[in-house]
Amino acid sequence: MPRRGETQEFRPFRRWFPFLVPLFVAANIALFVRTMYVNDCPAHAAAAAAAIGGSVGGAAGAAAAHGCMLEPDLGRYAFQPYKENPLVGPTSATLLEMGALETGKVARDHEWWRLITCIWLHAGVIHILANMLSLLMIGIRLEKEFGFLRIGTLYVISGVGGSLLSALFMVSNISVGASGALFGLLGSMLSELITNWTIYENKCAALLTLVMIIVINLAVGILPHVDNFAHIGGFVSGFFLGFVLLMRPQFGYINQKNSRLGVHSGTPKSKYKIYQIVLLVIALVILICGFITGFVLLMQGFDASQQCSWCHYLSCVPTSQWDCNKAPSNYCLSSQLGDQLNLTCQSTGKTETYVISSPSNPEAVKHLCLGLCS
């Protein structure tokens, strides 16, 4: 009991100490450091340079002669050239090696684990900073309110939901990042507000603020090179998961449960409202059906972008300032005759012929392609 003159704050729900979200942040950072270690830009650039003898066109060796960013300071952790990766990070080949999402590897090679591993990888320093700051701001608040088990489950399943929708629509691209899982947390905040509507004050103000934040974040996804399908898939997954995992008991039930022994508080109150149970059942059915359908379509190699002529606008809207070319930016068509290698960048259409001393050296070919496309 509080002393005379003191007040005691009433907390109807348990408050949790947030440790899982900071652990997730540490895991993401550790994996990014490991990715840069595997990337080893200086060593790969040196191997490519050693294999390149020159170019028939005369501009050639310069195409692959990009220097690694901050190489004197970071050594093997140096970043790829800015023209190759403006997010300041590794190559797409390294990300694929570490577990990035590519539809072909999931559907044809049955590497289903990529739907989870891609959530923990990031394309660069800018990418991981933006995502981890968002995760700390949103995730810690939710973990304090609902505990590590519910928020951890929600984060991972939402991330997989984002990966699944991305794999169905972004067939020719690779995808990494925690954005799908983060949008899942945003979606769960909205459904949590709806299902626990009767226990909130200032409901409309909270709802309008949350909807505005969600709309702004989804609108950013229409910029080029942003995988908005992962955002949408994560948001929808998290929205329905919120009805299942974040349902609160009613205050009347809690007050009755915590009343003094022998003091009767009238008719027994139900723990949950009927509408909460109805929303839970509907959400659970939609989640199970949605995930099963998504996995079956992905297993069959279904390309959703070919079936929906307008859906690509959900991920990128072309303007006078940018286009939405979906061709992979660093992919080349190649042909070889002796020590002469002819490369054509798929995204730009540029063609160049090179003379290489080691025709079978994949690192040399990869760096030449990256230089040509840049």
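Helix α8 passes helix α9 in a right-handed crossing. The model in which this crossing is described is predicted. Two packed helices are described by the angle between their axes and the distance between the axes. For α8 (residues 148-169) and α9 (residues 179-195), the axes come within 7 Å and cross at roughly 125°. Angles of 65 to 115 degrees count as roughly perpendicular and those over 145 as roughly antiparallel; with a crossing of roughly 125°, α8 and α9 are therefore oblique to each other. On the α8 side, the contact is made by Ile151, Leu154, Tyr155, Ser158 and Gly159, and on the α9 side by Gly180, Ala181, Gly184, Leu185 and Ser188. These contact residues divide into 5 nonpolar and 5 polar, with no charged residue.

Ser158 of α8, which takes part in the contact with α9, is also touched by serine 237. Serine 237 is located in helix α11 (residues 228-245). Leaving aside residues up to four places away in sequence, serine 237 touches Ile157, Ser158, Gly161, Leu287 and Phe291. The relative accessible area of serine 237 is 7%. Serine 237 is classed as buried because this value of 7% falls under the 20% limit.

For the chain as a whole, the secondary structure comes to 15 helices and 6 strands. The protein chain has 374 residues, of which 44% are buried. Of the contacts between residues at least 6 apart in sequence, 74% join residues at least 24 apart.

Side chains of opposite charge can pair when their charged atoms come close. In this structure there are 4 salt bridges. One of them joins the side chains of arginine 15 and glutamate 145, with an N to O distance of 2.3 Å. This pair links distant parts of the chain: arginine 15 belongs to the segment before α1 (20-39), whereas glutamate 145 belongs to helix α7 (residues 125-146), and the two are 130 residues apart. Both partners are partly exposed, arginine 15 having a relative accessible area of 38% and glutamate 145 a relative accessibility of 22%. Arg15 and Glu145 are also linked with Arg248 in a network of salt bridges.

A further salt bridge is formed between the side chains of aspartate 40 and arginine 76, at 3.5 Å from N to O. This pair too links distant parts of the chain, with aspartate 40 in the loop between α1 and α2 (41-51), arginine 76 in the loop between α3 (71-74) and α4 (92-98), and 36 residues separating the two.

Aspartate 40, the salt-bridge partner of arginine 76, has a positive phi of about 40° although it is not a glycine. As noted, aspartate 40 lies in the loop between α1 and α2. Histidine 110, likewise not a glycine, has a positive phi of about 60°. Histidine 110 is placed in the loop between α5 (103-107) and α6 (114-117).

Proline 72 is part of helix α3. At 78% relative accessibility, proline 72 counts as exposed, because the exposed class covers values over 50%. Proline 72 and proline 42 are separated by 30 residues in sequence, and their C-alpha atoms are 9.9 Å apart in space.

Key: Residues numbered from 1 in each chain as written. Predicted model: local features only at pLDDT ≥ 70, side-chain atom pairs only at ≥ 80, totals over all residues. Heavy atoms only, no water. Helix = DSSP H or I, 4+ residues; strand = E, 2+ residues; numbered from the N terminus. Buried < 20%, exposed > 50% of the residue type's maximum accessible area, 1.4 Å probe, protein only. Axes fitted to C-alpha atoms, helices over the stretch in contact; angles between N-to-C directions. Parallel < 35°, antiparallel > 145°, perpendicular 65-115°, else oblique. Left-handed = near helix turned anticlockwise from the far one by under 90°. Contact = heavy atoms within 4.5 Å. Nonpolar A, V, L, I, M, F, W, Y, C, P; charged D, E, K, R; others polar.
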